[in-house]
Amino acid sequence: MGAWGAPTAELLFQQAQKAEHAGQIVRAYLLYAQAAAAEPGNLAYWERAQALRPMASLMKETPALPKDLAPEKVDRTLFGPVSDQDLEQARKPLPPATLKATPGRQDFDLRGDSKALWEQIAAAFHLMVVFDTAYQPVPALRLQLDSADYRDALRSLEAATNSFLTPVSDRLIFVANDSPAKRTEFESTAAVVIPFPETMSVQELQEISTGVRGTLDMNRLMVDTQRHLILIRDRVTKVRLAEKLFQDLMRPRAQVAIEVEIMTTDQSSALSYGLSLQTSFSLVNFSSKSNLLASIPSGFANFMTFGGGASLLGFGVTNAQLFANVSKASASTILRSEIVTLDGQPSTLHVGDKYPLVTNEYIGNTSGGGAVFTPPPTFSFEDLGLLLKVTPHIHGTDEVTLDVSAEFKLLGAASVDGIPVISSRKYESKTRVMTGEWAVLAGLMTSSEARTITGLPILSLIPLLRSNNINTDYGATLIVLKPHLLILPPSESATWRAWCGTETKLPSVL
């Protein structure tokens, strides 16, 4: 027993083995699953639980999966394994989806009982008809149709004679009176399996399957996430309609390619000009040689003297300098990238390097007797370069809404305590742009100018009699993108029309 009297994973595993030997598959599966949840690192517990899962799901008492092994809010009546028996039945050939009738449209004006009308319509389109032995024809009918193909003619005749047909082969049809008993007797039941892509989520599968099952009132619909198959079993007419619905609802999402460019321009210039005059004067007493050697300050080689004897004094004089210096520097960076993603799915792109930054370092004294341990420094890694995250939402074929998060990081020129400063430019927004056109998402312009003047208080009013330093910095950043639609959204594709009839009288698939 573990803490607070809870059974340990090993004890649960032993109880599960006993239940499995006793033939209690459902109880064994639940105990194996609880053991795996109690000790996730033990793969043996997980393997035994997964080995019994298909068999346990076939039992009448379907186990409730633990939260650690299955997501919440999942309809357990939809998800489960497809058995080999179901697959074998799904391999059986279905009746023909279409009849090989004579194409074209014809006009009809027929009289007689329902049996005679069926024979005349079938002969007009080079089809053969077989009737139920208990078929009761409707007497004295008149059928008028203008420009009708074989589908329109057969469906009109079904409604007029209260009959239903079932294709037996591509040229032979079977006709019987339309009643629930006859439909149950003659309308065949079929099973089909429909594969679905691995990229579809459980939530999408549940929404699609629930919609199809509720629309057609399917007899059985099962989703096997292990084999990636959807099993449908019901009447042939319903199965045909369900296949078309699944094909439409599982169409690939719209896909878009997004070109992104981040353009950065930096310009800097420095201008220095003017006259460099002496701003400090040194007064030295030259009365003795010893004083001369000890008192001359550094940087002064020429002196202007006055006085004499013990009062010989001198002023330090330096040379004036006329100068002019100009320096310019410019740098341009263009980052181009392209992301291909699905409608509503976020996509992330990182192009760059991981730069190590020292976070802890020992800088104490390492001298002294004996061995002194110096701990190694610790580092953290900073992502440099372009980090782009885009989530598109496609509207038709012309516009796309984009959730954009773009960040551009580079090493700056400055540093603090030997650690370089990270220059970062970041943009986050939601915008709507036209497909196939460039759009400017964000722009940043920086401009700075610094002036430094050095000179004598009065003479510095004249520009050429002073030192002038001018530093100018200019920077610009633009983020532009252009989306291209690769796959149209399902709403822009052509739809199909199906005759579905009523809940009790489904029309034949022709």
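What follows is a short exchange on a helix pair and some salt bridges.

Author: One caution first. This is a predicted model.

Reader: What makes α8 roughly antiparallel to α9?

Author: The crossing angle. The axes of α8 (residues 202-216) and α9 (residues 236-249) cross at roughly 150°. Angles over 145 degrees count as roughly antiparallel. Therefore α8 is roughly antiparallel to α9. The two axes come within 10 Å. The crossing is right-handed.

Reader: Which residues meet where α8 contacts α9?

Author: From α8, the residues are I208, S209, V212 and L216. From α9, they are K238, L241, A242, L245, F246 and L249. By class, this contact has eight nonpolar residues, one polar and one charged.

Reader: How do you know that R142 and D109 form a salt bridge?

Author: Check the gap between the charged atoms. The closest N and O atoms of R142 and D109 are 3.2 Å apart. The cut-off is 4 Å, so the pair qualifies. R142 sits in strand β3 (residues 141-148) and D109 in strand β1 (residues 106-112). They are 33 residues apart, and the pair links distant parts of the chain.

Reader: Why is R142 called partly exposed?

Author: Its relative accessibility is 45%. Buried needs under 20% and exposed needs over 50%, so a value in between is partly exposed. D109 has a relative accessible area of 46%, so D109 is partly exposed too.

Reader: What makes the contact of K182 with D132 a salt bridge?

Author: Again, the distance. Their side chains meet at 2.9 Å, N to O. That is within the 4 Å limit, so the label holds. K182 lies in helix α7 (residues 180-186). D132 lies in the loop between β2 (128-131) and β3. The partners are 50 residues apart.

Reader: Are K182 and D132 buried or exposed, and why?

Author: Buried is under 20%. K182 has a relative accessible area of 18%, so K182 is buried. D132 is at 7%, so D132 is buried as well.

Reader: How do you know that E449 and R451 form a salt bridge?

Author: Their closest N and O atoms are 3.1 Å apart. The limit is 4 Å, so this pair passes. Both E449 and R451 are exposed.

Reader: Which residues do shared partners join into one network?

Author: D86, R220 and R233, through salt bridges that share partners.

Reader: How many salt bridges does the structure hold?

Author: The structure holds 13.

Note on methods: Residues numbered from 1 in each chain as written. Predicted model: local features only at pLDDT ≥ 70, side-chain atom pairs only at ≥ 80, totals over all residues. Heavy atoms only, no water. Axes fitted to C-alpha atoms, helices over the stretch in contact; angles between N-to-C directions. Helix = DSSP H or I, 4+ residues; strand = E, 2+ residues; numbered from the N terminus. Parallel < 35°, antiparallel > 145°, perpendicular 65-115°, else oblique. Left-handed = near helix turned anticlockwise from the far one by under 90°. Contact = heavy atoms within 4.5 Å. Nonpolar A, V, L, I, M, F, W, Y, C, P; charged D, E, K, R; others polar. Buried < 20%, exposed > 50% of the residue type's maximum accessible area, 1.4 Å probe, protein only.
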